[in-house]
Amino acid sequence: MTRLNDRHIAILANAANRTDGCVLPLPKDMRLKGGALTAVLRSLGRRGFVQCSANDVWTITEAGRAAVVQEDEAEINESEDENPAPQVATADPNAGDNHDTPKPLFRPGTRQAQLLDLLQRDEGADIEEMVQFTGWQPHSVRAVLTGFRKRGVEVTRTKEGNGVSVYRATLPASADAMAD
């Protein structure tokens, strides 16, 4: 189930506390009008948490009531999971953290990580190949290549004999050790 934001939870909780289950009027501390109110109500309606009657009365559904209960339980579980032990301050700001292990550039298995593997081949990859591989639009592929550069990956572009640009990537020296 998708997580609800604080505004959604407040609206649903307010409606769940009413005997008639009406969503409107909103809680007194919430000010939504016009298009913003319509957008929030439609969003909750698409998720099946509220419904609109023929005479434009928005009411909470059983799914909406269940969502409020689940969100309350999730908050309780999160507060129980918190470590109540006090944190000890040290002179070394990095003490206690595991800074010796390098963080990978990308989560393994993501399309970005797979795209980087594709670019590290000797033959590299052209935009068309990357578009087919990822299912992204060409501008999105180019944006990811820019993101690679910002993370220190050396991305080079060369024109092949047929006029097609081929991209290749080389990891920074610190990331080479992580890839092995």
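Leucine 116 is buried, with a relative accessible area of 6%. In this predicted model, leucine 116 is part of helix α4. Leaving aside neighbours within four places in sequence, the residues in contact with leucine 116 are Phe106, Phe148, Val153, Ala169 and Leu171. One of these, valine 153, is 37 residues away from leucine 116 in sequence, and the C-alpha atoms of the two are 9.1 Å apart in space. The value of 6% places leucine 116 among the buried residues because it is under the cut-off of 20% relative accessible area.

The chain as a whole has 180 residues, of which 31% are buried. Its secondary structure consists of seven helices and five strands. Read from the N terminus, the order of these elements is α-α-β-β-α-α-β-α-α-β-β-α. Among the contacts with a separation of 6 or more, 46% are between residues 24 or more positions apart. The accessible surface of the chain is about 12300 Å², and carbon and sulfur atoms account for 49% of that surface.

Three of the strands make up an open sheet, with antiparallel pairing and the order β3-β5-β4. Strands β3 (125-126) and β4 (154-159) are the edge strands, each pairing on one side only. Helix α4, made of residues 111-119, packs on this sheet and touches β3 and β5; the direction of α4 makes about 105° with that of β5.

Within the sheet, β4 and β5 (residues 165-170) are antiparallel and are joined by six bridges. Glutamate 154 has threonine 170 of β5 as its bridge partner, and threonine 158 is placed opposite valine 166 in β5. The two strands form a hairpin with five residues between them, and in the turn glycine 163 has a positive phi of about 85°. On the other pairing, β3 and β5 are joined by two bridges and also run antiparallel. Here aspartate 126 stands opposite valine 166 in β5. Valine 166 therefore has a residue opposite it in each of two pairings, threonine 158 in one and aspartate 126 in the other.

Helix α5 (residues 127-134) has four named buried residues, Ile127, Met130, Val131 and Thr134. Viewed down the axis of α5, these buried residues fall within an arc of 100°, so they line one face of the helix. They pack against α4, β3, α6 (138-150) and β5. After α5 comes glycine 135, which has a positive phi near 85°.

In soluble globular proteins, nonpolar side chains tend to be buried together. The largest nonpolar core of the model contains 20 residues, and Leu119, Met130, Leu145 and Phe148 have the most contacts inside it. At least two residues of this core come from each of α4, α5, α6 and β5. Helix α4 gives the most, with five residues. The contacts of leucine 145 show how parts of the chain meet: not counting residues up to four places away in sequence, leucine 145 touches Leu119, Ile127, Met130, Val155 and Tyr167. Another core, of 19 residues, lies apart from the largest one. Ile9, Ile11, Phe49 and Ala67 are among the residues of this other core.

Two loops contain backbone features of note. The loop between α1 (6-16) and α2 (34-46) includes proline 25. Leucine 24 and proline 25 are joined by a cis peptide bond, with omega about 5°. The loop between β1 (50-52) and β2 (58-60) includes aspartate 56. Aspartate 56 is not a glycine, yet it has a positive phi of about 60°.

Note on methods. Residues are numbered from 1 along each chain as its sequence is written. This is a predicted model: local features need pLDDT of at least 70, side-chain atom pairs count only at pLDDT 80 or more; totals for chains, interfaces and linings use all residues. Side-chain values use heavy atoms; hydrogens and water are left out. Contact means heavy atoms within 4.5 Å. Axes are lines fitted to C-alpha atoms, for helices over the stretch in contact, and angles run from 0 to 180 degrees between N-to-C directions. Buried means under 20% relative accessible area, exposed over 50%, partly exposed in between (1.4 Å probe, protein chains only). Accessible areas come from the Shrake-Rupley method with a 1.4 Å probe; for residues, only the protein chains shown count as cover. The arc is that of the directions from the helix axis to the C-beta atoms. A nonpolar core is a set of buried Ala, Val, Leu, Ile, Met, Phe, Trp, Tyr and Cys residues joined through side-chain atoms within 4.5 Å.
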